[in-house]
Structure formats: structure tokens, C-alpha cells
Amino acid sequence: MIEVTGIKEIIKPENLVYKKTKIMTDNTLSYCPGCGHGTAHRILAEVIDEEGLQSQTIGVSPVGCSVLLYNYLDVDIQQAAHGRAPAVATAIKRLLPDKFVFTYQGDGDLAAIGTAETIHACNRGENILIIFINNGIYGMTGGQMAPTTLPGMKSSTSPYGRDVKTMGNPLKMTDIVATLPGTYYVTRQSVHTPANVRKTKKAIRKAVQYQKLDKGACFIEIVSNCPSGWKMTPVQSNKWMEETMFPYYPLGDLKTPEE
Amino acid sequence: MAKIRGSIVVNIEKCKGCEVCMVSCPTGTIAMAKEVNGKGYNYAYPLNPELCIGCANCAMVCPDGVITVYKTKI
């Protein structure tokens, strides 16, 4: 039996493996327990930190839970009107082409009220990064049905499940955007397991590199959970997401650059 | 063969007790405390600290970024 080292001997600065990045502020996140937003914020902050872009980053966050981004990321953030983040980001990137510009939007914002802005910004090939958090519901306002709600999925405005005859079909924004010529890199990821978090971080880092090279719009969808809106515990919601959301929104790259 | 030992430090006042770290831990190091923190959440803590291998899986998935991970070879 190997001698058990005291915990105090392990906890030393030289043994540090992982620590919350300094780009994340010390404010307590106001998201519900287990919400994927926190993880998405943190990996975005880590990429900004590792690439040394803190002073050159301008984020755009519109309306929804994503609006609270400015509280937690120590970079410049501009708030946009509901759904209009890609339009604001277009203006910022055209006026300040040296900055790294990203938008951070939820599905109620990007896929509903902001559909036109998103599609046209991607079609014009604006050199911005769009991060799209898809949880299939309007999380902030109380779990109403969103365009991305799955068929049969219950929400507060579709209590018997979404009926596609009367309420329409879910909108796969990422698939639509991938068909447009202006986009350079389109991918769908998630942040519910360590492996997926690492993949998503890699995707964000790629998108940052492509923006430096002036390649065009990059679009990263993060399929996320909403434990409060789905009325589940965080662990249950992650499992439900794997079983129900991933067959409809399969993870992986939809458009990768041609080498 | 060198043995790898890890250790985690949880900021218990910011932990929201979502249990995502507990599920992602490959060695069963983490458990939820019976006590609650200032906000009323059962916070995460290392129940079996000697099992920790410092893989940082828990810190990777923690939505609130409250876990700090240390690792050393002995």
C-alpha cells in the first residue's frame, strides 16, 4: 500500500491542473443549477484567455438568459435588441475589423424573432462568430414553446406536447445556415459531458482562428439543457437531452472548410 | 510505478448542487453534502479524497466553475 499523501501536500500552486479563468468575473452566476449556459460561458472565456484576446473582444448579447453574459465575462459586451445581435455584430465588425466579434444567442432569440438577421448575416458572410444555445424552449420567460421545441415535447404553452399539425415543425437553424454560401464553419456541439465540453472548446477555438484569417461567418450551435423549463433535475435533463434531443439535433460538424 | 494523486477544492458558497460533477467523476470521489450552503443548496464535496486522480472532468462540466483541481505524482 502506497503511503497516502496528505491532501494539503497536493494543494499547491505548482500542482494546479484546472482553475476558473480570470476572464470570468467573481459574480455568482444567476442561472439555474445545472444550466448549460454557465459551461458555455466558461469555455468561451477560456478560449478568449488562451488566445490572448481579452482587450480585443467585443461580444453582442441580445435578449433571453444570454443577456446576462455581460455580468460574467470581463470583456466588452454590447446589448442588442431582441434577435438583432448579428446585425449589431455586423456593424461592429465592419467598423472595427481588428476586433474579435461574437454573438451569444438563445433559440428563442436566434431562431424566432432573429431568423432574418441570422440568415442574412450568414448569407452575407460577415466575419463574425455566432454562438447559438439551443434548449428547445424559451427558458427565461417560463418555458414557453420555441421554434426549436421538438414534436410532442411539453412546454408551458403546449401542455399536451407540440402538435405539428397546428403548431408547425421544429426549425433546424444550423442545417439551414450550413447550406448558405457565406458560412465557413458550421457545427453542432453540446456541453453536458467532459468529452463534449472539450469538443465544443475546440470548435470555438477553430472559429476564433478562422475569424482572424477573415474567412466568413462561423456558426456554433450548442445543444443545451433547461432543467427548470423542462421540469427535471439537471442529471435527468442531461439524460433526456441525450435520448430525445440528439436524434433530432445530431451532434457534429455540418460544414467544415475545404482544405 | 508512480501513482497519480489529485485533489479538488470546491467553492461551496457558489456551488448550486446540480450533481453534474458527481455523475461525471470516473472514480466516485465527489458526493453531495447533507449540509447546505448559504443559499440552501447541498454543495459538492470530496467524499473519498484518496480516490481522486485529478482528471478535471468535474471542473470541466461544472456550470458555475466552482471546482479547482490539483494533481501530483508520488
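How many residues does the contact take from chain B and from chain A? The contact takes 31 residues from chain B and 30 residues from chain A, two residues being in contact if their C-beta atoms, placed from the backbone, lie within 7 Å.

## Basis of the report

This is a predicted model, in which local features need pLDDT of at least 70 and side-chain atom pairs count only at pLDDT 80 or more, while totals for chains, interfaces and linings use all residues. Residues are numbered from 1 along each chain as its sequence is written, and chains are lettered from A and ligands numbered from 1 in the order in which they are written.

On the side of chain B that touches chain A, the elements giving two or more residues are strand 1 (4–10), helix 1 (20–24), helix 2 (57–61) and strand 4 (67–73) of chain B. Helices (H or I, at least four residues) and strands (E, at least two) are DSSP runs, numbered from the N terminus. Strand 4 of chain B supplies the largest share, 5 residues. This side of chain B divides into 14 nonpolar, 9 polar and 8 charged residues. Here Ala, Val, Leu, Ile, Met, Phe, Trp, Tyr, Cys and Pro count as nonpolar, Asp, Glu, Lys and Arg as charged, and the others, Gly among them, as polar.

Strand 4 of chain B also runs antiparallel to strand 1 (residues 16–18) of chain A, joined to that strand by 2 bridges; strands pair if DSSP finds at least two bridges between them. A:Tyr18 has B:Val69 as its bridge partner in strand 4 of chain B.

## Chain B

Chain B contains 2 helices and 4 strands, in the sequence pattern β-α-β-β-α-β. Its C-alpha atoms fill a box of roughly 45 × 20 × 20 Å along the principal axes. Of its 74 residues, 50% count as buried, that is, with 20 or more other C-beta atoms, placed from the backbone, within 10 Å of their own. Among contacts in chain B between residues at least 6 apart in sequence, 64% join residues at least 24 apart.

## Helices of chain A

Helix 2 (residues 36–50) of chain A has 15 residues and reaches 21 Å from its first C-alpha to its last, close to the expected 21 Å; the expected span is 1.5 Å times one less than the number of residues. Of the 15 residues in helix 2 of chain A, 13 are buried. Just after this helix, A:Gly52 takes a positive phi of about 65°.

Technical notes
A residue is buried if 20 or more other C-beta atoms lie within 10 Å of its own, exposed if 12 or fewer, and partly exposed in between; C-beta atoms are placed from the backbone.
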